[in-house]
Amino acid sequence: MVRTSICGAGVNPSPSAGRLSPLLFRNQAHCPSPRPLQVTRMELWPGLWTLLLLLALLLPTLWFCSPSAKYFFKMAFYNGWILFLAVLAIPVCAVRGRNVENMKILRLMLLHIKYLYGIRVEVRGAHHFPPSQPYVVVSNHQSSLDLLGMMEVLPGRCVPIAKRELLWAGSAGLACWLAGVIFIDRKRTGDAISVMSEVAQTLITQDVRVWVFPEGTRNHNGSMLPFKRGAFHLAVQAQVPIVPIVMSSYQDFYCKKERRFTSGRCQVRVLPPVPTEGLTPDDVPALADTVRHSMLTVFREISTDGRGGGDYLKKPGGVGEAQL
Ligand SMILES: CCCCCCCC/C=C\CCCCCCCC(=O)SCCNC(=O)CCNC(=O)[C@H](O)C(C)(C)COP(=O)(O)OP(=O)(O)OC[C@H]1O[C@@H](n2cnc3c(N)ncnc32)[C@H](O)[C@@H]1OP(=O)(O)O
Ligand SMILES: CCCCCCCCCCCCCC(=O)OC[C@@H](O)COP(=O)(O)O
């Protein structure tokens, strides 16, 4: 496009014009009627200004008139802002290299996002975190917005387990790697299990906590998917407690299906730790079921229906019923 317009203008080559675009010289033989470059540029301005003006009018109109457009803008900004923050975080984290302590830096840099989005995060039960010992946190996973609730309560020396694909999410992937996030390949169960077994070995020796989303994927259907067993095997192998954390439903302010994203409230509830001392791998299925059941009960208690209250999950036939 650059080549066409400039060539069409038949620019008279001067040393400075040559510096602007080497194409000017290459194409001058084909240009029949030379006109000064400035004229062409000035001709471009009105079009450019009109385009900018249209955009300046269109974007706010879409923002105010179309909830879907608002949803897309907000999600795009969310991802973009995190990628940008990660660019800032990377050099700071790189000083230490890959280190769990870098998670503190990421946490501090992400805490303000809830204000940008008008989301009030209320934390209850933070006193349930065991003060100074390794443990495994399990929490429900509704959306990438979980990052906000997670950062609100993330204990010291705690690393999340994430899908391997996140490693390739540009600057965010690198920032996660530097902060010690553990990546697993969900398609290779054997590999994922051995990574988690290694984590069980180092949990105690390196005094770290691990945060797992046992649903294994995002789930926004108003309930919780069956839990994967890895987190519970991990806790049993290391003989450390499980700390369940429940984030209330986002229906109040966010719904991917309806393309709705407004401001709202979310409660993050830390439940009492579940001990695993003396348990064996045979106890894992029952342990996972018990923890899921207690989390689902609390999820129903603290979730509202997005239309101004009401425990919608408790209503007969509510979306949560299907998966109990
Ligand atoms: C300033 C700027 C900053 C910018 C940066 C921003 C970032 C901010 C920082 C940080 C945020 C990070 C945010 C991360 C968020 C990411 C979230 C996600 O990615 S969620 C997806 C990944 N998570 C999981 O998948 C859960 C863990 N998964 C598991 O635990 C699974 O169990 C897994 C993968 C190990 C296997 O999955 P299976 O699909 O095969 O399902 P199963 O039924 O659980 O296991 C199959 C059999 O293997 C046994 N098994 C599982 N684990 C075992 C183990 N460790 N030992 C022995 N057996 C085991 C099970 O008991 C089961 O056998 P039987 O059916 O019971 O006989
Ligand atoms: C290259 C551009 C990508 C933009 C990336 C922006 C960074 C956002 C970082 C948010 C961290 C939260 C990650 C997250 O929530 O991952 C989803 C997985 O848990 C489950 O994945 P899935 O539901 O199985 O697809």
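Biologist: How do the residues of the shell around ligand 1 divide by class?
Modeller: There are 20 nonpolar, 6 polar and 4 charged residues in that shell. Ala, Val, Leu, Ile, Met, Phe, Trp, Tyr, Cys and Pro count as nonpolar, Asp, Glu, Lys and Arg as charged, and the others, Gly among them, as polar. This is a predicted model, where local features need pLDDT of at least 70 and side-chain atom pairs pLDDT 80 or more, while totals for chains, interfaces and linings use all residues. Residues are numbered from 1 along each chain as its sequence is written, chains are lettered from A and ligands numbered from 1 in the order in which they are written, and side-chain values use heavy atoms, with hydrogens and water left out.

Biologist: Which of the residues around ligand 1 come nearest?
Modeller: K163, K228, R229, G230 and H233, out of 30 residues around ligand 1. A residue is counted as near if one of its heavy atoms lies within 4 Å.

Biologist: Which polar backbone atoms does ligand 1 meet?
Modeller: Oxygen atoms of ligand 1 lie 2.8 Å from a polar backbone atom of K163, 2.7 Å from one of R229 and 2.9 Å from one of G230. A polar contact here is a pair of N or O atoms within 3.5 Å. As for cover, ligand 1 has 1,400 Å² of accessible area on its own, and the protein covers 79% of it. Accessible areas are from the Shrake-Rupley method with a 1.4 Å probe.

Biologist: And which elements supply at least two residues of that shell?
Modeller: α5, α6 (102-110), α8, β3 (158-163), α9 (170-178), α10 (189-205) and α11 (230-238). The elements are DSSP runs numbered from the N terminus: helices are H or I of at least four residues, strands E of at least two.

Biologist: OK, ligand 2. What surrounds it?
Modeller: N79, I82, L83, H141, S144, L147, K163, A169, A172, R186, T217 and R218. By class, the shell around ligand 2 has 5 nonpolar, 4 polar and 3 charged residues. Helix α5 (residues 67-94) gives the largest share, 3 residues.

Biologist: Which side chains have an N or O atom by an oxygen atom of ligand 2?
Modeller: K163 has a polar side-chain atom 2.9 Å from an oxygen atom of ligand 2. For R186 the distance is 2.9 Å, and for R218 it is 2.7 Å. The protein buries 71% of the 670 Å² that ligand 2 exposes when taken alone.

Biologist: What does UniProt say about residues 135-250?
Modeller: The unreviewed UniProt entry has the annotation "domain: Phospholipid/glycerol acyltransferase" there. UniProt positions are given in the numbering used here, and annotations may be inferred rather than shown by experiment. In the model, residues 135-250 are 37% helix and 20% strand, with end C-alpha atoms 27 Å apart.

Biologist: Which residues does the entry list as "transmembrane region"?
Modeller: The unreviewed entry lists 44-64, 76-95 and 166-184. Residues 44-64 are 100% helix and 0% strand, and the end C-alpha atoms lie 31 Å apart. Residues 76-95 are 95% helix and 0% strand, with 30 Å between the end C-alpha atoms.

Biologist: New topic: how many cavities are there of 30 Å³ or more?
Modeller: The count is 3. On a 1 Å grid over the protein atoms alone, a cavity is a set of points where a 1.4 Å probe fits but cannot get out, and a pocket is an open set with protein on both sides within 12 Å along at least five of seven lines; lining residues have an atom within 4 Å of a point. A volume is the space filled by probe spheres set on the points, which are joined across faces, edges and corners.

Biologist: What lines the second largest cavity?
Modeller: I119, V121, L145, L148, G149, Y250, F253 and C266. β1 (119-124) and α8 (146-153) are the elements that give two or more residues to that lining. The lining has 7 nonpolar, 1 polar and no charged residues, and the volume of this cavity is about 50 Å³.

Biologist: And which residues lie nearest the centre of the second largest pocket?
Modeller: R98, G180, I182, T202 and Q206, among 13 lining residues. The pocket has a volume of about 290 Å³, and α10 supplies the largest share of its lining, 4 residues.

Terms used. Polar contact = N/O pair within 3.5 Å; in protein donor to acceptor, adjacent residues only side chain to side chain.
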